[in-house]
Amino acid sequence: MRGRTSTWGRRLGAVTVAVGLVVSQGVAQATVGPPPTHDFTGDGFADVLAETSNGNLYLYRGNGSTFSGSSLIGVGWQSLTAITSGGGDWNADTHPDLLVRTSTGDLRLYNGTGSKFSGFTTIGRGWTGVAFVGAGDWDGDGHPDVLARVSTGDLRLYRGNGAHLSSAFTKIGRGWNSLKIIAPGDWDGDGHPDILARTTAGDLLLYRGNGVGFSPGATTIATGWNGLKPIAVGDWDNDGHPDLLARTSTGLLRLYRGTGTGISAVGVTIGSGWGPFIQIA
């Protein structure tokens with residue numbers, strides 16, 4: 001595939017689940033504003049997808065505070081080695097869609113319906129070993145895009161057109177080998193999607209997107225994330241700022257609220273028993 005290098009290319013520095021899940025209680029009221037990017041049910045609150053080792057896919061309905069219930073929405077997902085719910089609404093039907101990578105390296109787009117995912121379209125091949133995230137509408141053309149980190153550590157932007165990905169890409173960074181990449185949406189509220197990256201030292205870095213690549217430099221917004229597995233969920237509490245969920249080594253699920261510039265230092269535990277899930281998105 002052909003590549004185009006950007007001017008900034010260097011990194012600076014309804015079945016209830018049966019796995020023992022316990023969720024805290026509490027309900028928040030939805031606020032007026034754009035729907036959360038992870039709102040799969042259309043109720044105004046972001047949701048979470050979780051896959052078990054036997055290939056069952058569950059939808060956990062968020063209520064702005066914790067969860068209001070769960071449903072089994074798919075079976076036989078064992079062959080899908082990576083899923084991301086940060087891709088956005090690809091077909092403009094108001095329902096967020098799902099990107100997945102198969103064990104053979106195909107990149108599939110599953111259409112969201114508001115209660116499940118119906119059918120899929122293969123939008124890419126040869127993605128084995130590639131770390132990818134749904135970046136949202138990175139370039140502002142109205143269509144979701146995808147960021148991918150290849151084995152060399154290069155970070156590539158693949159532009160979506162509403163149905164497929166461009167076979168060409170733009171290299172927007174290098175040296176990303178050791179980073180865990182998260183696509184939280186527009187973290188700083190400037191109209192461009194951003195990227196969070198966790199280093200091996202446990203620092204959480206904010207890279208500000210500018211519609212082409214990144215603005216120079218990265219900002220450390222948190223430390224001590226070594227034992228946490230971050231999950232991008234968009235604006236969980238509907239306060240206008242994207243947030244993060246994080247799973248601990250003991251299976252707790254915590255909410256860390258974004259502030260637009262940083263993130264809360266202390267997470268709120270919103271569930272336990274999440275250890276058995278092999279993928280959460």
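Strands here are DSSP runs of E at least two residues long, and helices are runs of H or I at least four residues long, all numbered from the N terminus. The model is a predicted one, so to speak: local features need pLDDT of at least 70, side-chain atom pairs count only at pLDDT 80 or more, and totals for chains, interfaces and linings use all residues. Residues are numbered from 1 along each chain as its sequence is written, and side-chain values use heavy atoms, with hydrogens and water left out.

**View A. Asn238 sits in the loop between strand 18 (229-232) and strand 19 (244-247).** Asn238 isn't a glycine, yet has a positive phi of about 55°. With 9% relative accessibility, Asn238 counts as buried (under 20% relative accessible area is buried, over 50% exposed, in between partly exposed; 1.4 Å probe, protein chains only).

**View B. The loop between strand 6 and strand 7 holds Ala92 and Asp89.** Ala92, again not a glycine, has a positive phi of about 55°, and at 66% relative accessibility Ala92 is exposed. Asp89 comes out as partly exposed, at 25%. Asp89 touches Thr94, His95, Pro96, Asp97 and Pro144, leaving aside residues up to four places away in sequence (a contact is heavy atoms within 4.5 Å).

**View C. Four strands make an open antiparallel sheet in the order 6-7-8-9.** Strand 6 (80-84) and strand 9 (117-124) are the edges, each with a single partner strand, so one side of each has no neighbour in the sheet. From one strand to the next, the twist averages 30° (axes are lines fitted to C-alpha atoms, for helices over the stretch in contact, and angles run from 0 to 180 degrees between N-to-C directions). Two strands pair if DSSP finds at least two bridges between them; strand 7 (residues 98-102) and strand 8 (residues 107-112) have four. Val100 has Arg108 in strand 8 as its bridge partner.

**View D. The second largest pocket has a volume of about 720 Å³.** Its lining has 30 residues, and the closest to the centre are Ile83, Phe132, Lys180, Ile181 and Ile280. Among the strands that each supply at least two lining residues are strand 6, strand 10 (131-136) and strand 14 (180-185). A pocket is an open set of points on a 1 Å grid over the protein atoms alone, where a 1.4 Å probe fits, with protein on both sides within 12 Å along at least five of seven lines; lining residues have an atom within 4 Å of a point. Points are joined across faces, edges and corners, and the volume is the space filled by probe spheres set on them.
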